[in-house]
Structure formats: structure tokens, C-alpha cells
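This report covers ring pairs, charged groups and disulfides. The structure comes next.

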Amino acid sequence: MSSMQPARRATTILVCTLLLMALVTSAALSLPTRTAYAAPVISVSGATRYQTIDGFGFSGAFGPAQELEQTPSSMQRQILDLLFSTSSGAGFSILRNLLPSDQAHTIEPSSPGSPNAIPTYVWDHDSWGQVWLSKQAQSYGVTQFYGDAWSAPGFMKTNGSEANGGSLCGSPGASCSSGDWRQAYANYLLQYYRDYLSDGIRLTQIGAFNEPNLSTYYSSMVMNPTQTADFVAILGPTLRAAGVTAQVVCCDGEGWDSAQSYANGILANPSANSYLDLFSSHGYTAPPTTPITGLGSRHVWQTEWAKFDSADYSWDDGGDGSGFYWAQQIYTGLTAANLNAFFYWWGVNFNASDNGYLINVVNGTVMPAKRLWSFANYSRFVRPGATRIGATSSDSSLEVTAFLNTNGTLAIVVLNTSYSAMPVTLSLQGLALPANASAVPYVTDASHNTEAQTPLSIQNNSFSATIAARQLVTYVIAGGSAATPTPLPSPTAAPTAIPTTTPTVAPSPTPTSSPTPGAGATCSIHYVVNAQWPGGFSASLQIANAGTTPINGWQLQFTFANGQTVTQGWNGSFSQSGSTVTVTNLSYNANIPPGSVLGASPGFNGTWNGSNNPPTAFRLNGVNCTII
């Protein structure tokens, strides 16, 4: 080997190295510059207001309530906690009860002979387990009970059966040789209200129909929009004449594709339009993706929906029974249809093989489906009376809603629909946050069930977080309050089509200006303690305008007899001086037409010691009210 070879080898290596460096540099210079993307921003605005949330619910109809009543007490408590607890379960706040019409469970099993004959009512104080379930719900603080009939008794219908369709005798186009049973059916529903009340449960909503566009082998009654409106015009006056302040509901159609036609039926009947308090429909044949137009400020509920394919307990398997699927349906219903309430079908079932429930009991084992926790991320933290406020995301894969509760708590619900983790910054505007505020994340995904995570510090009205792929998170911030809301379109505007980005209701939590009742306005008040526990209770107030002129703005005053104290109120601005409580309307429930009941009724939680007797006098705008 020549002594020169090492030197040549070194020179060759140096040249090659220099050439390689030049090539790398050239390639680097020719590559496009890579942009650094900022994390998505979620903006929450307390100054922008949408609809008021009445709550989230389910039904115990057709037997599951009774099966639950008959299970061992330890299992009962486990299931009830999952359904109603606001600390460990879903915190549902509305219970939908069937008003049975079948021979075994109805309160009027036999025809009195004619529509005008005196009926014989039979009340078993159980109603298929639903009275018991209502009392259990009440013990958790639930105050809203929707009593809904699937059908009239068979002898009141054209087909003589409470099942297989048929129409109510006397309805337009539905004549019967036995006569006109419309008033008798209204009296029958009134009796259900009285029967429930006798057991300490006040039905806050009453409906006469369930999927009136569908005939089924079980309880069903087919009624077109003209017929349903015709009966609402009879039911409303019947309830009001009896001093019943429950909201009149129509029509629980099968899906959103028929909902507008039933709403139009109400709007075309002036009497029905004056008595309808709340509109309802289901999500089966079409989901709630658009607002119902023409109803003004009346609330809209999606009152029943489920999928009945094979049992699915998963979070995100791509199926329509998964938790992820239902998280998206709730989001869409609240934002695109501006719903005030969202229901599933059954809360619990026993040994079921489909997805009609949120909790299944299989051979003695309690099995919550993941969709229960999808509801929990909303229903546990978005309480009755909450207002949906402005919430937008700079990244469309983050579906976000925000809600301001009546106690000032802020709940921000975010669903990451992408398959990547998303770092985000949440900016909070128009909200007065307490010092040292923090956001507590509650996570639901494949391995979490609405579980609290480490609190996140809020600095300069913002905080940062990372949301895992396909994850649902609710950020809860205690003690916030809202700034003056941005004006939105009036909820009483003409019934034209409303874009899905525009809310139909724009309530504000601040009282309106001084009340201006119509001359000679009179009133009636129904005060009820919905739940009571050692040292505390929950009560509601139904306000009715019994006069002939509108009440435009109201202020209600009453005095406690035993030193009770209001600790939290909703659907009104509450203040208390000594034993005297003053409640002033909010902007969205200021008006009470003559002969009508206030739709968004005020209610409150309070403390008591010794006795909890109700107030003995109420004054509305300085006028003494009748107590009913």
C-alpha cells in the first residue's frame, strides 16, 4: 500500500462531504416554508343569549317504572343515582309519565254509557309504578313531571279500542254513534292531574297525544293537525277553569318531518293557539335539526327518541346507539333546533336486547350504556332555567355549547369530533368571573364516565386545555355572571323561516323595567313544595292571569310564615328582606296574556327550620292574588 493512499482517501472523503452538504442545503432552500399553526380558540360570550333550557328527561312508561319499583332496594338506589344524582349520575330533571288508557291501568276502565254521563274513576295510587318513580325523582329535587296520554280510552274512539289507531269521537271528521267524547276526554285528563296531586306529585305539563300520525298495536290514537288543535282548544279551558296551571302540550309527533305541520295546525286555530303552552315532537322519523317556526316564545321539547337496533354499550363504534352518536344529537338539537328540552325514551329497562334504554339490567347486573354519560355531560351541569349563551370554535371539528345557570355557574360542553388530540384556548368574554376562578373538566370517552379531572386555572379570562380525540368534555366554572346581552331577533317575530344559526328565543337574566299590568288585571297563584329534606326544600310558583287584559311585566311578593330563606331561584329575579320575598320577571317571561298561565314559571330552593308552612298571601303588581 502506497504511503500516499491515506492522504488521497482523506481528500476524497472531504470532497464528498462538502458535496453532500451543498446538496442538503440546496434541498432545504427549495422546500416550502412550514407554517406554525396556533391552537384552536373557543370563544364564549355571556353577552349573547339564545334559549332557556328546561332540562333533560326520559320516560318510565309501559312497565319499566314498575319493574324498578319491584327490584331490591340496593339496586334501586344504584339505578336512581345513575338517573337523577347531580353528583354521580346524569342528573335528569324531567320525568315523562304515560297516562295509561289500557284496560288494566287506566283510571276509567268502563264507559259511563254516554259522553255526558258521570264517569267512575279508579285510581290505584301507582299507575304502573310511575307514581313511585315520580316520588323517587322528587326526592332528588326533580320538579317537572310531564303527564302524557298515548290514547283516549277505547269507548271514546272511532275504532272502539285504545290501540290500533282510531280517532277521538267528535273531532272534525270523526263522528261516532255514541256521541262527542271530546269534553269527556278533557275531563279524564284533568282527573289524572288530580289523582297525581293526591299523591303529592303535581304534573307540570299535560299532553293528550303521542305520535298522533301513527297507528300501532299498542296504545295509539291517530289525529291529524286540525284534530289535535281542535282538542287543545277544549283541553286548555277545561284545565284553566279547574284552576290547573299545568302547561298544555301538543303534539308529540313521530319526528321532526311532521312537527311543523302539527304546529301549523295549532297556529291555524286561534283558540288552540291561545291555550298551547309548549310544543313537542319526537326524533324518530327525522331528527330535530331546524327550529319550529311561528310559535313565538313558546318552548319546544324533543320528548322521545331512541334507536332500537342491537344493544350497544360502546362510546364510539360508529353505531347509532353509541355514546358519541348521542352526544352529537344533543348538540345538534340544542344548537340547530333551539330545543328547550331533550329526552331519551326509557331511562331503564330490564333484559332488553335493543337500545331503547339508557340503563339495562341484564340478569341482575346494572349496565349503563355510554349514551347515559353523553346525557350526563349536559344534564348534570345544565340545570333547569339555564340560558344557552354564545359559543364558537375556530376549528369546526370542535362542537361547542355554553350555558349560564341561574346560580351563576358556567358549563361549557365540547365534543372533539376529530381523530387527533386538540390543544385549545378557551376565551371567556362578557362574564364576571370570581377571583381565582378555575375550570373543572368532566370527561366522557371510552374509558371515562363524566369524571372530574384536575381543575384548570383561569388567567385573564381564558384557560388552555387539550381535548383527546373523540372526547366529550364539560368545563364547569362556578360563580360566573353575565354581562348585558347582545340584542337578538324578537321571539315574537312573524313566522318566517329561521336560519339554523339564528336563535328563536333570546331571553335575558336581568329583570325588565317596571311592571305595567293591564288595568283591572287579576291573578291566581299555585304554590307547591316539590321536595323537602332536613333543613332544605324546593318550591315552584305558577302564576295565572285571571283578568281580561295582558300583564306586561310583573313583580310578585309574598311573606314566609316561618322564617324560610330563598337560597337559589330560577325564571325570575329573587330578593328577600326579612321574611318578605320579591320575585321580578326576566325579559323572556314578562308577559302573561289574559286567561293564560306563565310558561316559564319561577321556582326556588330554600332553607327552613321547625316548620315549612306556605305563604298565606301573594300580591302581583300590588294586587292580591287568589291562591289555588
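## Aromatic pairs

Tyr 344 is buried, with a relative accessible area of 0%. Buried means under 20% relative accessible area, exposed over 50%, and partly exposed in between (1.4 Å probe, protein chains only). This is a predicted model: local features need pLDDT of at least 70, side-chain atom pairs count only at pLDDT 80 or more, and totals for chains, interfaces and linings use all residues. Residues are numbered from 1 along each chain as its sequence is written, and side-chain values use heavy atoms, with hydrogens and water left out.

A search of the whole structure finds 42 aromatic pairs. Rings of Phe, Tyr and Trp (its six-membered ring) pair if their centres lie within 6.5 Å; planes under 30 degrees apart count as stacked, over 60 as edge-to-face and the rest as tilted. For Phe 58 and Phe 92, the centres are 5.3 Å apart and the planes stand at 70 degrees, so the pair is edge-to-face. This pair links distant parts of the chain, 34 residues apart: Phe 58 is in strand E2 (residues 55-59), and Phe 92 is in the loop between helix H3 (73-84) and strand E3 (94-98). Helices (H or I, at least four residues) and strands (E, at least two) are DSSP runs, numbered from the N terminus. Both Phe 58 and Phe 92 are buried.

Trp 326 and Tyr 344 form another edge-to-face pair, 5.0 Å centre to centre with 80 degrees between the planes. Trp 326 lies in helix H9 (residues 323-336) and Tyr 344 in strand E9 (residues 341-346), so the pair ties together parts 18 residues apart in sequence. Trp 326 has 0% relative accessibility and therefore counts as buried. Ring pairs also build a cluster whose members include Phe 58, Phe 92, Trp 305, Trp 326 and Tyr 344.

## Salt bridges

The count comes to seven salt bridges. A salt bridge is a side-chain nitrogen of Lys or Arg within 4 Å of a carboxyl oxygen of Asp or Glu. Asp 180 and Arg 182 meet in one of them, at 2.8 Å, N to O. Asp 180 is partly exposed at 38% relative accessible area; Arg 182 is buried at 18%.

Arg 240 and Asp 277 form a salt bridge at 2.7 Å, N to O. The partners sit 37 residues apart, with Arg 240 in helix H6 (residues 225-241) and Asp 277 in the loop between helix H8 (270-275) and strand E7 (278-281). Arg 240 is buried at 17% relative accessibility, and Asp 277 is buried at 12%. Elsewhere, salt bridges link Arg 96, Asp 148, Asp 252 and Glu 304 in a network.

## Around Arg 470

Arg 470 forms a salt bridge with Asp 316, the closest N and O atoms being 2.8 Å apart. The two residues are 154 residues apart: Asp 316 is in the loop between strand E8 (299-302) and H9, and Arg 470 is in the loop between strand E21 (462-467) and strand E22 (472-477). Asp 316 is partly exposed at 29%, whereas Arg 470 is buried at 14%. The charged end of Arg 470 also sits over the ring of Phe 324, 3.8 Å from its centre. Such a charge has NZ of Lys or CZ of Arg within 6 Å of the ring centre and within 35 degrees of the ring normal. Arg 388 is placed over the ring of Tyr 50 in this way, 4.1 Å from its centre.

Glu 399 lies in strand E14 (residues 398-404).

## Disulfides

The structure holds three disulfides. A disulfide is a pair of cysteine sulfur atoms within 2.5 Å. Cys 169 and Cys 176 form one, with sulfur atoms 2.0 Å apart. Its torsion is -80 degrees about the S-S bond, and the link is left-handed.

Cys 250 and Cys 251 form a disulfide with sulfur atoms 1.8 Å apart. The torsion about this S-S bond is about 90 degrees, so the disulfide is right-handed. Cys 523 and Cys 625 have sulfur atoms 1.8 Å apart. Their torsion is about -95 degrees, so this disulfide is left-handed. Numbered in sequence order, the bonded cysteines of the protein chain pair as 1-2, 3-4, 5-6.
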